[in-house]
Amino acid sequence: MFAVAAHAADCPPSAIASLAKLGSGVRNGVDRGMLWRIERDGRTSWLYGTIHIGRAEWVRPGPTVQKALAQSDALALEIDARDEATARVMGQPADPALLQRMLSGERARRLDRQNAEACVPPGATAKLQPILQVSALAGLVARADGLYPEFGVDETMAVSARNGNKPIFALENAAEQVKALTGDSEAEETEQVDAALDELESGKLRGQMKELADVWARSDADKLARYADWCDCLRTPAEQRLMKRLLDDRNPGLADGIERMHAGGKGVFAAVGALHMIGSQGLPALMAQRGFTVTPVLTSAQAQTAVPMPALSAPEPAPRAVRGGKAVKGQKGQKVQNVRKGAPAAKGASGAKSSKAAPASKGAKAPAKAAARAPAAAPKGKVRR
């Protein structure tokens, strides 16, 4: 959610520049991601597993996904990144005393080095909560592979919904997502900051995000379900606690919100991080437990056929979120909006309000283990889980 862009010749191109390279004749009608149809009480809703970063060529949903969204009454997201209240919460300055304790000495020097490598001007995010500062960096590391927070799938779905005058609801709120990111104590947040810096410095995070994006783009739900076997991100008790807080602890609240909207008479297209869809505590399993008939639609790695699409336009800037830090100017004078996510881009909350009154629901989101796993509100990092 923070405007962060390259400012040096050796930095990755901006998201807008990446989009411009596609030209007006791009063929972009490819179905990607994981989609389930859920039915109950004579109505149909949808579960769509997203990723909080994306490529320029992913900015439009494929025909199956687009049709499912068009048949729905509303779009439900983890949070609405363009909601001004969300932007205020995510940009709120941290306690200066906390910043002094956590971001001083060698940790501060490590963070400064990573900001420089990511082409983030000094001080741009310096007043934000420490975990949000490293989450913002996590969302930028995959730009070298053509993956940008600005093209996060949640955001592209929101654009499609707005173009069709479809209401958007939030299943979580930003305050609870920040809480999920920070953990239960200062010591826990410090541990997460150090772990994120380790992964940024080693290059491990970039590899994780690229692999996760490739799995998502192939609709490879089987491999995604084995995420714990290949992500190299659940080795320690701290990593296991983080995963539980970001996924299992949030999923019942997300399911509550989806069920509430469906029971209220709306066919809902629920687009949330793909890692919320896997396992016995994933959303497809939870919705089946609640009496829904759950049918896989896009869950198998498949041949992808593009169909002609009209010309693309540049992404529209979201509300400025950085009150606690400085807004960072985009490359060549353009502003680039770091959207979620995911994030990683925090996962979970209740009673969030979006463009329309949002149904309350409970949950949480944190920096990185992968873009499909992290909360949508956080600057997309390891993933928007």
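Ala, Val, Leu, Ile, Met, Phe, Trp, Tyr, Cys and Pro count as nonpolar, Asp, Glu, Lys and Arg as charged, and the others, Gly among them, as polar. The model is predicted: local features need pLDDT of at least 70, side-chain atom pairs count only at pLDDT 80 or more, and totals for chains, interfaces and linings use all residues. Residues are numbered from 1 along each chain as its sequence is written, and side-chain values use heavy atoms, without hydrogens and water.

**Second largest pocket**

- The second largest pocket has a volume of about 300 Å³ (a pocket is an open set of points on a 1 Å grid over the protein atoms alone, with protein on both sides within 12 Å along at least five of seven lines; lining residues have an atom within 4 Å of a point).
- Its lining has 16 residues, and Gln-114, Glu-117, Ala-118, Leu-140 and Val-141 are the closest to its centre.
- Helix 5 and helix 9 (186–202) are the elements that give two or more residues to this lining; helices are DSSP runs of H or I with at least four residues, numbered from the N terminus.
- Helix 5 gives the largest share, three residues.
- By class, the lining of this pocket has ten nonpolar, one polar and five charged residues.

**Helix 6 and its neighbours**

- Helix 5 (residues 105–117) and helix 6 (residues 130–138) pack at an angle of about 30°, with axes 10 Å apart (axes are lines fitted to C-alpha atoms over the stretch in contact, and angles run from 0 to 180 degrees between N-to-C directions).
- Helix 5 is therefore roughly parallel to helix 6, a term for angles under 35 degrees.
- Leu-111, Gln-114 and Asn-115 of helix 5 meet Gln-133, Val-134 and Leu-137 of helix 6, where contact means heavy atoms within 4.5 Å.
- The residues of this contact are three nonpolar, three polar and no charged.
- Helix 6 and helix 9 have axes that come within 9 Å and cross at roughly 20°, so these two helices are also roughly parallel to each other.
- On the helix 6 side, the contact is made by Pro-130, Ile-131, Val-134, Leu-137 and Ala-138; the residues from helix 9 include Glu-189, Gln-192 and Val-193.
- The contact of helix 6 with helix 9 has nine nonpolar residues, one polar and one charged.

**Largest cavity**

- The largest cavity has a volume of about 80 Å³; a cavity is a set of grid points where a 1.4 Å probe fits but cannot get out, and a volume is the space filled by probe spheres set on the points.
- Helix 7 (residues 153–163) gives the largest share of its lining, three residues.

Note on methods: Parallel < 35°, antiparallel > 145°, perpendicular 65-115°, else oblique.
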